[in-house]
Every structure is written in structure tokens, then in C-alpha cells.
Amino acid sequence: MAIPEEIINEIKYRNDIETVMAPYVSLKRRGKNLVGLCPFHNEKTPSFTVYPENGSFYCFGCGVGGDVFSFVRQIENLDYIDAVKLLAERSGVTLPQDGYDDSMQKLKNTIYEINRETAKFYHTYLMSSAGKWALDYYIQRGLSLSTIKHFGLGAAPDSWDSLINHLKGKGYSIADMLQANVISKSQRGSYFDRFRKRIMFPIINIRGKVIGFSGRAMPGEDKMGGKYVNTADTPIYKKSENLFGMNFAKNHCDKQIILVEGNMDVISLHQAGFENTVAALGTSFTAEQAKLISRYTKEIILIMDSDAAGQKAARRASEILQSTGLEIRIVLLPDGKDPDEYIKKNGSARFKALLEGAVSEIEYRLLSAIEGIDISNDDGKLQYLGRAAQIIAESADIITRDLYIGRLCEKYGVSRTALTDKVNELRKHNQRRQEKRQFDEVIHPKFDRGDVNPDKRLYPAAAAAEETVIAILLQHPDFCETAIKQLKPDDMLTSTNRRIYKALCECISSGRSPDISYFGEGFNSEEVGYITYLANSEKGDKNALIVLKDSIKLILDEGVIKKSADTKDMSVDDWAENLKKIIDTKKKGK
């Protein structure tokens, strides 16, 4: 019995994994995840981890893992289909007896269509005589007509129902408009356009589809509804996972991405030639957005407004970016300007010079650490130097530490020996904490994934690269096309990874989401646990596309070496031809 993906997703949505586990496991929060004692093996130290973000779990002690269906399957000793039926019954979801119920996918497609039609409606209005007020605003802000068209900018009429009537005329229902969040419902039960007399920025995902809108009030008219009104989360849009301008920036960011605060900053910088600029969407910068950026570039330049709020945003973004492996640099804009204002006043050349003079993340932290401290007296200087020593101690590079120790000693007239000793003391303290964490990890029982993939013993390097490829595609399915072009399932050297990779490619190529549920029927519980481990690993966090390509190359090279080891029965001519192929492959890799 093949249960449609949309039904599986609906059941998962109605059966929160934490709630389902509550009768069996006592969970405690640890960061963004939850931990507890594994219900599937005896342990004294919690190694059972739940990942609420994607609704999965994994035990680092015994290797069991999966999603909510896997948990019920294991804890209730059911097969996969019976586990699905049990959760469906608990949550009131009716399983289809036959046929394919694609209602959720149809809804998503309808929302995409509504958003596209809405964007066209706003743009057409902007370019009409009635929208001159908005067009004049864009022009006054220095935008060219080609830039306005490039970003699909528009304007919402000063009307309560013009969009509703337009979409009705196109055959869309009020219910679907509500799901798309382009209209709202009043307390009296009437419906009205969500965006009214606002300039409109369509939000476009990396695949070029309109997924939402950001509406800005005209200057002086933001008393009702605030300066910005944004699309709420919908079945196709989560503001915490998207970036304004990323659909264009992804094609211009090999060296770096510039992160700014506002939509107009992005548009102005793109128009000035800085097409690698993006902005967060009506929310503080998030870990999901940082992860998205890390997939496309090696360096990020933060340019936040120079007021207190902007500086706070820069510090927060910097903290979030620490775990991505990106090189972080920060631009301090002078004169209290935002990027849009600065580039209009000073031009592209001056702005480029600012980028080239961006300070390192550690230098920015040292500059920010002085905030709230009066350094005109000795107590203040000591307090600041204490903060600065901790910041310097966190740097792994001895030259960096030496450089900033020297600068601080010269500036504040303190002994270089004293500050160096303080930094080294803090480093030792940090190292002891790190060693304790590592020791705790060592004494915890570790599940040997070689038991799931026994071929790993024969080809350890290739198996590790295969795991990385699978992990990256589970976390970034949009890289599947790149992988398939270079790496066929038969190129995988280990049998378990070969099966998983083949199923993963078939899943993504068919348009399905490669979540844990997809593997529930075709793989046993140990293999599902292994897949869950890969889906939640950090293998795909840093420079994912580059790591993917490097891993594929390693697998292919290992494959050539394996074939060369099987040449003892070859003729001299065949052996020579095989050697030539190996040499050619090595040359191509250089």
C-alpha cells in the first residue's frame, strides 16, 4: 500500500514527535534539540536526541533513529504501514482506500499561481496612470525602470477589494486567497486585501517562484499597520528560511555575499553592480538563513545600519554565523547612513572601498566590547581589557592573538606580558572545557555505522565521501541535479550507500521531498536510523556545493583505484589501457 506523500505529511503535522514520545521518554531541552534516556537500550547517560526542526530522532548509543512513524514502529513493534495507520487514526486522518490524494500539492501549486498573478497585478498597477504615486516614489529613490522590472516591483492600490475582485475573475476562491495570505478576514466575517496603498516587493525563492510579499507604507502613512506588512508563513513560505534577493545573488556570490537589513538596500546595491547582496525578511537573521548563505559562498560581509539597533543586529548575525565556517567581515557605515543612502550620496567606487576595508569579525567584536564601559578611568579600562582578553583567547590563530594583544597594550599602556598571560589563562580554561566535552563524548557508547554499511571496512575513504554526498542531498535536495550528472548510483563503492543514493535520487527527481518518511518502507530500521543520522549531521553545513563536488571526485577516484586492483587476469594490452585511463583521470582532477 503506497500512501501519498501529502497524506504522510498531514499525519506527521498532526502528530508532533515530542507529544507522541512523551509517554515513553522524558526529554529535556539542550539548545535547539531535546535529549533523554533511550527507550530502546539501557543507558545511564542520555544519548537519545530529538530534532524538533525536522521531526526526527537519533540515538548515538544504539543507532536507532527515524521520524515519528519510525518511533511508533519500534516502540509498538509494528510494521511501517501499521504505524502509519495507528497515527492516522489517533489524529483523525482518513487514509485513501485507492487512488492518489494530492490535495496538499494542489494547494501549493494554487498558491504559487495566486502569488504569480498577484505580483503581475501589482506591477501592472504600478505602471498604469493610477499607480503614478508609487512609480514616482521608486524613481525618487533612484531606481531605474529596468531595475523596477528586474525585481518585479509593484504597488497595491488604495482599495479594500481590488485584488480580491481581480483574483476572483481569474477563477481563484476566497479560501485559496486566504491560504496564500494575500487577503485577510475581518472580525465581522468580511474579506479585504491584505496590502493597501503600499509599494510592493515580491519575495522570490531560489527557483524563481514568487512565494510571498513585503509591502512598505509610503512615508508618513505608516501609522496604520506599521511601516512594513509581510506575508505570514504559508504552505510554501517561511520567512526564517528565505532571503530577499537570493534568487539573483546566488549567481554572483562565488567570492562573497553581502548581508544588509532592508529590501531597498538590496535593490540599490544590485543596481549599483553589487549583485551579491541579500537581506533577511521581516525578521532577525536566523540560523536557517545562515545555512542557506553558507551553501553558496565562502565569505559574508555584514552591513547593518550604524544606529544601535543595526549594531545589535550585526552582533547577533555574527554570533549565528560562527558555526557556518564562513569568513565573516563587517562594514561600519559612517554618518549614520544605511547602504541605500550611502551609495546614493557617495557612489559605487566609495562603497567598494568600504567593502575592501571591512574589518574582521574579531576586530568588530573588540570595537563593540567597549559599549557601556567608561574607559576614562582605570576600572573601566580593566573591565574592557577583561572582555577583550576573552575575545582574543577564542581565536585559534597565534598570529591573530599576538597582533591584537600588541594593539591593545600599545593603546591602553598595559604590559604585554600581563595581557598575554591573561589570554593564555583563558585559553587553558576554554581548552579544559573543550576536553571535558570531548571526554564526555568518548565515554558515551557509540553506534558503529559500519554494522549498517559493512562495505565501509573495505573502502573507508570512499564510504565517508558517500556519506557526505547523501547527507548534503538530504539537507539540500536542489543539488541533486548536479550530483546525478557526475555520480551514478553504480559509482558508489558500498552497497548500502548505493541503495540509499539511488532511492534518494529517484525521490528528488520525482519532485518529492526527501524526508525520513520516504525511506520507511524500503529500508529496515537500522538503515533508517543511519539515514536519520546523516540527515542531521553537519556534513552539509559548510560550503555544501564545494564539499559535494570534492566528495564526488574522491568517490570516482577511489572507483578507478578499485578497478585497477582487479587487473591480475588482464592481458598486457588491457592492463596498459586501464593504466592509461587511471592516469587520464588523475590529470583531469588536477
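Predicted model: local features only at pLDDT ≥ 70, side-chain atom pairs only at ≥ 80, totals over all residues.

Which strand do three bridges join to strand E12 (residues 257–260), and do the two run parallel or antiparallel?

Guide: The partner is strand E14 (residues 299–302), joined to strand E12 (residues 257–260) by three bridges, and the two strands run parallel. Residues are numbered from 1 along each chain as its sequence is written, and side-chain values use heavy atoms, with hydrogens and water left out.

Helices (H or I, at least four residues) and strands (E, at least two) are DSSP runs, numbered from the N terminus. Two strands pair if DSSP finds at least two bridges between them. In general, strands of a sheet pair through backbone hydrogen bonds, either parallel or antiparallel.

Strands E12 and E14 belong to an open sheet of five strands, whose order is E13-E12-E14-E15-E16 and whose pairing is mixed. At its edges stand strand E13 (277–279) and strand E16 (359–360); each has a single partner strand, so one side of each is left without a neighbour in the sheet. Across E12 and E13 lies helix H11 (residues 263–271), which runs at about 175° to E13. Such axes are lines fitted to C-alpha atoms, for helices over the stretch in contact, and angles run from 0 to 180 degrees between N-to-C directions.

Contact means heavy atoms within 4.5 Å. Leaving aside residues up to four places away in sequence, Leu 302 touches Leu 259, and its other contacts include Ala 314, Leu 321, Ile 328 and Val 331.

Buried means under 20% relative accessible area, exposed over 50%, and partly exposed in between (1.4 Å probe, protein chains only). In soluble globular proteins, nonpolar side chains tend to be buried together.

Charged pairs may be considered next. A salt bridge is a side-chain nitrogen of Lys or Arg within 4 Å of a carboxyl oxygen of Asp or Glu, and the count comes to 16 salt bridges. One of them joins Arg 141 and Asp 340, at 2.5 Å from N to O. Arg 141 lies in the loop between helix H6 (132–140) and helix H7 (145–150), while Asp 340 lies in helix H14 (residues 339–356), so the pair ties together parts that are 199 residues apart in sequence. Both Arg 141 and Asp 340 are buried.

Another salt bridge joins Arg 499 and Glu 527, with the closest N and O atoms 2.7 Å apart. Arg 499 is in helix H21 (residues 495–509) and Glu 527 in helix H22 (residues 525–535), so this pair ties together parts 28 residues apart in sequence. Arg 499 is partly exposed, at 37% relative accessible area, whereas Glu 527 is buried, at 8%.
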